Amino acid sequence: MHIHIIGAGVIGLTTAYYLCEKGHKVTIIEQESNVALGASFANGGQLSYCFSDPLGKPGLLPKLPGIALNRDLAIRFNIPSSYESLRWLMRFAANCTEKNHGKNQLQLAKLSLSSMSLLAKMRDHLNLTFDHQKSSKLALFEKKKDFINEMKSLSLKQSLGNDNKAISIQEAESLEPAISNLTKQYAGAIYSESDEVGDTLLFCKELKDWLIKNGTDFHFETQVIELMKKNSKCYGINTNKGFFETENVIVCAGSLTEKIVQSPSPITSARGYSLTLPKGSVDFDVSLTLSDQRVLFTKLGEKIRVTGFADLFCKEVDDDKRIQELMDIAQDVAPELADYDSSKIDSWSGDRPLTPSSIPCIGPSKTEGVFINSGHGFYGWTLSFASGKIISNYF
């Protein structure tokens with residue numbers, strides 16, 4: 001088949017890889033000037049195979065009024081001003097129940113663990129270089145109540161092959177001595193030995209080169225205007241660069257997905273932020289998640305990536321202010337893990353596509369011939385391999 005993919009982020013590129021492996025001809029349409037210039041550009045870098053939990057949790061429901069009043073620095077949202085955003089928020093609240101949270105948690109865990117083995121196979125096949133390493137991961141909790149709540153689902157997730165385990169802060173410090181340099185006091189930690197890290201941008205650039213060598217066509221700076229259909233069947237894509245005739249389309253357009261095709265689960269944008277800095281005076285190897293601040297520290301080769309925050313329904317966001325707030329939190333909690341005074345600091349802000357359940361949409365749309373692979377939220381990098389494989393099986 002000749003299949004057109006809309007979007008050249010990590011989701012679109014891994015989808016293209018698995019389609020090429022099956023012998024299909026692939027054309028990728030991307031509105032930016034190169035690959036991975038959206039949500040894939042400077043994400044956290046953590047391949048969170050064992051920590052991919054949904055955003056909606058039972059403990060979050062009572063906090064929603066405070067979040068709406070912007071009392072939580074890590075999550076910001078405006079009161080929904082449209083039917084679409086109100087519908088998304090109502091579905092999100094429904095997914096915060098114990099039952100739905102547990103179901104979503106297991107589904108994400110299965111997808112994540114599948115990605116781990118798929119990336120290993122891809123690396124053996126392609127020999128890509130993208131600052132990849134097995135780093136392990138520690139999630140640190142200041143409040144004992146939150147730590148206990150996290151432990152409740154461990155046994156069920158472990159039955160799937162997840163290696164998360166609860167450990168004391170003393171055990172955590174023996175695994176990663178840099179924790180002793182943090183300024184907060186912690187009640188405990190959840191540890192995964194199998195989690196990994198990698199630079200998504202470098203990965204996408206290298207995968208692009210492989211795809212081109214294997215016959216994939218890229219059309220950059222090409223904006224999709226609309227999908228052309230007759231009797232609910234797609235026959236092409238209308239763009240600012242002309243018409244593409246096709247009966248097979250996979251929309252991997254991230255937060256722009258619903259401007260192109262109606263998704264079975266609504267997708268909104270969760271704006272996130274990151275800093276890429278030189279290493280600090282204290283080195284560390286294990287990836288760290290500070291659960292109370294919702295800030296991640298990742299070592300990617302010779303650089304440190306600090307990631308955090310989720311801004312929902314915020315049409316006008318002061319990116320510079322949010323980047324500075326992320327810098328202030330990171331420097332306050334982990335003053336020695338990065339060089340915050342360096343002149344070589346890169347910042348990023350971008351929209352991540354999030355469904356109310358945090359489960360991505362992977363499958364056919366209501367339009368015949370049009371499929372969706374989008375809505376991965378905070379775990380696009382982690383889930384890209386599993387979702388790319390799954391969507392390729394429809395062809």
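Me: How does Phe243 count at its relative accessibility?
Reply: This is a predicted model. The relative accessibility of Phe243 is 44%. Buried requires under 20% and exposed over 50%. Phe243 therefore counts as partly exposed.

Me: Which residue forms an aromatic pair with Tyr235, and how are the planes arranged?
Reply: Tyr235 has a relative accessible area of 37%, so Tyr235 is partly exposed. Its ring centre lies 6.2 Å from that of its partner, with 50° between the planes.

Me: What kind of aromatic pair do Phe141 and Phe147 form?
Reply: Phe141 is buried at 6% relative accessibility. Phe147 is buried too, at 9%. Their centres are 6.0 Å apart and their planes 35° apart. That pair is tilted.

Me: What is the distance between the end C-alpha atoms of helix H3, residues 83-94?
Reply: H3 has 12 residues. At 1.5 Å a residue, they should span 16 Å.

Me: Within what arc do the buried residues of H3 fall?
Reply: The buried residues are Ser85, Trp88, Leu89 and Phe92. Seen down the helix axis, they line one face of H3, because they fall within an arc of 95°.

Me: Which exposed residues does H3 carry on the face turned away from its buried side?
Reply: The buried side is covered by elements including helix H2 (64-68), strand S4 (75-77) and strand S15 (268-278). Strands S18 (303-312) and S19 (346-354) are also among them. The face turned away carries the exposed residues Tyr83 and Met90.

Me: Are helices H4 and H10 roughly parallel or roughly perpendicular to each other?
Reply: H4 covers residues 98-126 and H10 residues 380-392. Residues in H4 including Leu108, Leu111 and Met122 meet residues in H10 including Phe385 and Ile390. The axes come within 7 Å and cross at roughly 85°. H4 and H10 are therefore roughly perpendicular.

Key. Residues are numbered from 1 along each chain as its sequence is written. This is a predicted model: local features need pLDDT of at least 70, side-chain atom pairs count only at pLDDT 80 or more; totals for chains, interfaces and linings use all residues. Side-chain values use heavy atoms; hydrogens and water are left out. Helices (H or I, at least four residues) and strands (E, at least two) are DSSP runs, numbered from the N terminus. The expected span of a helix is 1.5 Å times one less than its number of residues. Buried means under 20% relative accessible area, exposed over 50%, partly exposed in between (1.4 Å probe, protein chains only). The arc is that of the directions from the helix axis to the C-beta atoms. Contact means heavy atoms within 4.5 Å. Rings of Phe, Tyr and Trp (its six-membered ring) pair if their centres lie within 6.5 Å; planes under 30 degrees apart count as stacked, over 60 as edge-to-face and the rest as tilted. Axes are lines fitted to C-alpha atoms, for helices over the stretch in contact, and angles run from 0 to 180 degrees between N-to-C directions. Angles under 35 degrees count as roughly parallel, over 145 as roughly antiparallel, 65 to 115 as roughly perpendicular and the rest as oblique.
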